[in-house]
Amino acid sequence: MKKSLGVIFASLIVVCGLSATSFAQTGHNRHLGSINQRQERQQDRIAQGIKSGSLNAREAARLERQSAHINRVERRYRKSGDGLSQRERAKLERDLNRTSHHIYGQKHDANRGANHRLNQ
């Protein structure tokens, strides 16, 4: 019961993250698409990891916090109305790279979610 609540909680976080990413796409800078597309793909990878059981609730929550942090930083950068500078874009790309590596690592480690255990 405890584990299924964790999976439900992680799934809710993913859904909230996806809506935040969609909301972020309404900006004025055309070049943000690549950053927002990466954020969406990472959200999809987290959701797939939860569904397949390769991510447990704790791992998914940690990855969601990292994604939420990137979204907050991006919003703060964009508040100026001038779009992203090269330096800001580079920082976001580095953060996205780091999160991508974390997603891969967590999906391929020995810690498995409840769905994985049920499928075996």
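Good morning. I begin with Ile103, a residue of helix 4, which spans residues 86–107. Please bear in mind throughout that this is a predicted model. Ile103 has a relative accessibility of 0% and therefore counts as buried. Leaving aside residues up to four places away in sequence, Ile103 touches Gln42, Arg45, Ile46 and Leu63. Its C-alpha also lies 9.9 Å from that of Glu64, although Ile103 and Glu64 are 39 residues apart in sequence.

I turn now to the charged side chains. Side chains of opposite charge can pair when their charged atoms come close. How many salt bridges does a search of the whole structure find? The search finds three.

One of them is formed by the side chains of Arg38 and Glu93, with an N to O distance of 2.5 Å. This pair links distant parts of the chain, since Arg38 belongs to helix 2 (residues 32–52) and Glu93 to helix 4, 55 residues apart. Arg38 counts as buried because its relative accessibility is 16%, whereas Glu93, at 22%, counts as partly exposed.

Asp95 is buried, at 6% relative accessibility, while Lys91 is partly exposed, at 27%.

Asp95 also forms a salt bridge with Arg98, where the closest N and O atoms are 3.0 Å apart. Arg98 and Asp95 are three residues apart, both in helix 4. Arg98 is partly exposed, with a relative accessible area of 44%. Through shared partners, salt bridges join Lys91, Asp95 and Arg98 into one network. Thank you.

Conventions:
Residues are numbered from 1 along each chain as its sequence is written. This is a predicted model: local features need pLDDT of at least 70, side-chain atom pairs count only at pLDDT 80 or more; totals for chains, interfaces and linings use all residues. Side-chain values use heavy atoms; hydrogens and water are left out. Helices (H or I, at least four residues) and strands (E, at least two) are DSSP runs, numbered from the N terminus. Buried means under 20% relative accessible area, exposed over 50%, partly exposed in between (1.4 Å probe, protein chains only). Contact means heavy atoms within 4.5 Å. A salt bridge is a side-chain nitrogen of Lys or Arg within 4 Å of a carboxyl oxygen of Asp or Glu.
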